[in-house]
Amino acid sequence: MSGSETTHSGLTRRNFLKGSMALGLTSLAGCAPQSNQEELLADTSKTEPEEQVCSGVCRGGCAQGCFINYHVREGKIVRTSARDFVDPDYNRICIKGLSLPERIYSEERIKYPIKRVGERGSGNWERISWDEALSLIAGCWLENYEKHGSLCCGFATRTGQEGMLYQKSWARFKNLAGGVDLTLPADKHFGKALTDVVGSSSTGTANDDKDWANAKTMVFCGSSFTETTYHQWHWVYEAQQKGGKIIVIDPMFNGIAAKADKYIPIRPGTDAVLFMGMSKIALENDWVDWDFLKAQSVAPGLVRKDTGMLMRVSDITGNDDDDELLAVSERSGEWGPLSSIADPVLHGEHIVEGVPVVSPLDLLIEAVDEYTPEKVSEICDIPVADIQEVAELICKNGPVTFKIGLGPDHRCYGYEPYLASGTLAILTGNLGKEGASHGYFPRKISYESKAYTAPESLVSMGDYIAMAPSQFPQIMETGKYGDYDVPLKMLIVHGTDFVHTRGDRRKTLEAIDKLDLLVSINLVMNDTSLYSDIVLPVCEWCEYEEINGSRTYHPFLCYQDQVIDPQFESKSDFEIIKLLSNGLGHPEWFDFEASDALRMCYGDDRYERIRDEKCVYHDYFAEGGFRYIYGEDGDWGTTSGKLQFYVEDPGDGIDYEPYGMPENVAEQRLPMWHPPLEAWNEEVPGYGKNPLSETYPISIQAEHKKWNSQTCFSRVGLVRELDPEPTVYLSAKDAADRGIDEGDCVKAWNDRGYVVLRAHINNGLRPGFANMPNGWLADQYVDGHYCDLLGDFQDPNNENCNFSDVLVQIEKTEAGVSER
Ligand SMILES: Nc1nc2c(c(=O)[nH]1)N[C@H]1C(S)=C(S)[C@@H](COP(=O)(O)OP(=O)(O)OC[C@H]3O[C@@H](n4cnc5c(=O)[nH]c(N)nc54)[C@H](O)[C@@H]3O)O[C@H]1N2
Ligand SMILES: Nc1nc2c(c(=O)[nH]1)N[C@H]1C(S)=C(S)[C@@H](COP(=O)(O)OP(=O)(O)OC[C@H]3O[C@@H](n4cnc5c(=O)[nH]c(N)nc54)[C@H](O)[C@@H]3O)O[C@H]1N2
Ligand code: SF4
Ligand SMILES: [Mo]
C-alpha cells in the first residue's frame, strides 16, 4: 500500500480510530474508512487483521460507474462491496465489481514491459526494462516524425477506462504530440442522431433515473436493458408497479421483454418503419401535442426550397448573429422572428422576401405518408392490430419515456431509427417534462478542461486528426486517407482492443503487419496485445488516484483512492504518458503530478471536495436534492435551438473529413428507411432479400451481456466461472434444420472468416436471427473469431461499426470439441 496516510495495517481497530480521529476522519488524503461511528467504537480485542475501507469507482465500459468499497487487510485488498452514494437509492454493484480483487491480483496481468520476438502474433516475448521499452518507442517515433511529420503515429482508445485523469491526460498528450485518431466509431449513429434531433449532448438527453417512476408508458427498443442497464431496472419496475406500461420492441425475447406488457418481435433492421408508421397514425388521428410542437419544435419554422436549410432572420439581415428562425403569421401572413409570431402557420408554401419556403411539418407528413399500418406490418412483420395498439398507448398514455438502445445503432443506416423515434416523441410532446424523455445517459457532464487538454502555452508537434478506422487497411495500403497523405508507421493502443472491435479482424491483422511498431498499453493480453511489438503493463484502477469521468448514469462524482501500490512493474496511464512525453523530448508537457492534473480538470475547490468527501453531486445540481429533467428549460442545444424532426444539416458534426461526409444529406433530413446493407435475409414485397442470404441465410447480432463489460473482465476467473465460454444462440427452427442440439459445437462462417463455438437454443429468437454475445478474446473461441465474420463496409452516411449487419451460415462441427 502506498502513501503513509493510507497505511494502517498492523494497527488495532482502536489505535486506528485514534489515529483517524487525530487526522479528522474525512481528511485522510488516501483511503478514508467508510464505517459508522458505532462500528468504529465497538470494542474489539479480536486478533484478526485490521480492516481498512477505501473508496473507488468501477469504471470499465459498462458506464455504471458503481461506487466501491475496497476492504484492505494487511495491505491486501480482500474484497469489494457497494459503497454508499450521497443518495443511497443509487447504490449498486454487480458480480464484476465484486470480482475486482481477482482482476487486481490476477496471474493474467501483464507484469513487466515485454517485446515481441519472432513473428507477430506468435506469442513469443522477451522481458525488457521500462527504459528499453521507452527508448524503442521514442526512437521509432522520432525517426518517423523527422521524415514524415506527426501523422506517422496513430492512436486508438475506447471504453476501457472511464476515469477523468485517464481520458483528459491522453487527450492532452495527443493534442501536443499530434497524430491520427483511429478510435473505434461504435455507437455513433445514436449519438449523432440524438444530438441532431433532441439536442445538446450526444448521450445526455435522458432524464435522471429516478424519473422513470413518473412514466406511464416506457418504450424499450433494441435495448438489452436487464443485461446492460440492470442497475436502472428497479426504477422501471417501480413505475410498472404503479401501473406504468412497458413496451418492448426487439427481434429477440430478451430479459426486458420478459417483463413487458406488450412485446413486439420486430423484423431486425426495420425500427424506423414502425416509428414512421406510428407518427402517421398520430398525425392522422390528431393525437399530436400541438402546443408542444409549436413551442418546442421546428414545426413553425420554414424550410428554404433552394438550400434545404431552415430560414433565419440572418438570411434577410445578412447578420449572422440574427440566428433566430423565421415564421409566418397565420392571421396577417407577415413574417418575423419566431418568438414574435404568436400564431405561426404550420402548413403550406410561402415566399419570404423572394425566397420560396415550405413547412417542415408538411415535409414530415409527406415522408411518413407511405407507411400505412398495412405496409408497416409487411416490412416489420407485426400484425396491424399490434401497431395500432402500441401507437395508441404511446400517443394517449403519456408521459412516455423512450429507451432506444444500441441494437439499432449497430447496423448500417443506424441513424434512421433514432430520428424516427425522436420524431414520434416530439409529435406526442414526450420530452422536457417529468416521465418523458428520449436518451441514454441522464445528463451532459461538461467540466471545463480545455485548459488542460489543449494548453495554449505549449506548442504541439503537429496536427491531431480523426480518421475513420474503417479506412485503416486502406491507409496502410495506399498511405492516403481521402486527399491527405498519411504516412502511418506506428500505432499506440490503450483502453481498447483495436483488433477485436474494428470489424473484419483479418484485414486489420494484415494492415498491422505493415506497421513499424504496434504498442499496446493494457493490464492483460487482449487480441491487440497479442499482435503488438511492445506491450506495456498498466495499473489496475485502484492503484492510483482518479475521479470518474463523463459516462455514468448516476449524478455523482466519485473519488478513487490509491488503495495499493502499482502491482508488479505496472504504471498508470498518466505515468506512461509522462514517460512518452520525456521520450519525445518534451518533459514540460507533463511536469506535474496526477493530482495537479485533476485540479486542472475540476478546479481546486471541486477537486478537494471530491477528494475529501469521496462522493458529491455534480455541482450544477441543487444541493440536498436532485432532479434532472432534460430540456425542461426549453434549451435544446440543437443547431436551430428547437427539437428537430427535420434535421437541416445532418452532415454537421461528422468529423471524419474528407472520407466520412454523408453522400446524401438531403434524404437524411427527414425520417426514412433503408433495408440493412447486408443482413436482409427475409423476402418482403418491394424489398427483395439480399441474394447473399441464399448462401448465408442467418443474420447475427451481438448482445452485450451482464457477464462482460466488453472485454474488460474477459480474463477474470470468477466471472468466467459463471459464463465460461463464447456461445451462439439459435432459434429452435434454425437449430432443428441443421441437426444442432443444445450444447453442440458449431461453426459459423461467411466469405470473410469463421468462428467455432458452443451453441444454445433460444426459443425467443426469430428464425434466421442468431445472437452471438460480444466480449470474448481470440483464445477463448474453439477456433476463429466473431470479428472475422464482421464486414468493414460502411454506411454511406456515417462512420460506424456494423456489428449486427452480418450474414453467416452455421453448421454443427466436431472441430475442436475434443480439445475442450
Ligand atoms: N453488462 C454490460 N453492460 C454494458 C456493456 C457490456 O458489455 N456489458 N456494454 C456497454 C456498451 S459499450 C453498450 S454500446 C451498451 C449496449 O447495450 P444495449 O443498448 O442494451 O445494446 P445491446 O446489448 O447491443 O442490445 C441489443 C438489443 O437489441 C436487439 N436488436 C438487435 N437488432 C435489433 C433491431 O434491428 N431492432 C431492434 N428493435 N432490436 C434489435 C437485440 O436483440 C438486443 O436485445 O451496453 C453498455 N453496457
Ligand atoms: N463483435 C462485436 N464487437 C463489438 C461489439 C459488438 O457488439 N460485437 N460492441 C462494440 C461496442 S458497442 C463497443 S463500445 C466496443 C468497445 O470496444 P473496446 O473499447 O475495445 O472494449 P473494451 O473491452 O472496453 O476495451 C477495453 C480494453 O481496455 C483495457 N483497459 C481497462 N482498463 C484500462 C486502463 O486503465 N488503461 C488501459 N490502458 N487499458 C485499460 C482492457 O483490459 C481491455 O483490453 O466494442 C465493440 N465491439
Ligand atoms: S462492472 Fe459496471 S455494473 Fe458492475 S460493478 Fe462495475 S461499474 Fe458496476
Ligand atoms: Mo458501445
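Q: Hey, what's the strand order in the open sheet of three strands, and is the pairing parallel or antiparallel?
A: Hi! The order is 24-25-26, and the strands of that open sheet pair antiparallel. Bear in mind that this is a predicted model.

Q: Which strands stand at the edges?
A: Strand 24 (546-547) and strand 26 (615-617) do. Each has a single partner strand, so one side of each is left without a neighbour in the sheet.

Q: How many bridges join strand 25 to strand 26?
A: Three bridges link strand 25 (residues 556-560) with strand 26, and the two run antiparallel. To pick out one pair, Leu557 has Val616 in strand 26 as its bridge partner.

Q: Nice. Which helix lies across those strands?
A: That's helix 24, residues 604-613. It lies across strand 24, strand 25 and strand 26, and runs at about 65 degrees to strand 25.

Q: OK, switching to ligand 2. Which residues come nearest?
A: There are 35 residues around ligand 2, and the nearest of them are Gln161, Thr496, Asp497, Asn522 and Thr711.

Q: And how far is the side chain of Asn522 from an oxygen atom of the ligand?
A: An N or O atom in the Asn522 side chain is 2.7 Å from an oxygen atom of ligand 2. For Gln161, a side-chain N or O atom is 3.4 Å from a ligand oxygen. His704 also has a polar side-chain atom 3.3 Å from an oxygen atom of ligand 2.

Q: How much of the ligand's accessible area does the protein cover?
A: The protein covers 99% of it; on its own, ligand 2 has 920 Å² of accessible area.

Q: What's the make-up of the shell: how many nonpolar, polar and charged residues?
A: The shell around ligand 2 has 15 nonpolar residues, 15 polar ones and five charged ones.

Q: Last topic, the backbone. Is the peptide bond from Gly398 to Pro399 cis or trans?
A: It's cis, with omega near -5 degrees.

Q: Where does Pro399 sit?
A: Pro399 is in the loop between helix 15 (384-396) and strand 16 (400-404).

Q: And what's phi for Ala63?
A: Phi of Ala63 is near 70 degrees, which is a positive value in a residue other than glycine. You'll find Ala63 in the loop between strand 1 (51-57) and strand 2 (67-73).

Definitions and conventions:
Residues numbered from 1 in each chain as written. Chains lettered and ligands numbered in written order. Predicted model: local features only at pLDDT ≥ 70, side-chain atom pairs only at ≥ 80, totals over all residues. Heavy atoms only, no water. Near = heavy atom within 4 Å. Polar contact = N/O pair within 3.5 Å; in protein donor to acceptor, adjacent residues only side chain to side chain. Areas by Shrake-Rupley, 256 points an atom, 1.4 Å probe, with all protein chains shown as cover. Nonpolar A, V, L, I, M, F, W, Y, C, P; charged D, E, K, R; others polar. Pairing = 2+ DSSP bridges. Helix = DSSP H or I, 4+ residues; strand = E, 2+ residues; numbered from the N terminus. Contact = heavy atoms within 4.5 Å. Axes fitted to C-alpha atoms, helices over the stretch in contact; angles between N-to-C directions.
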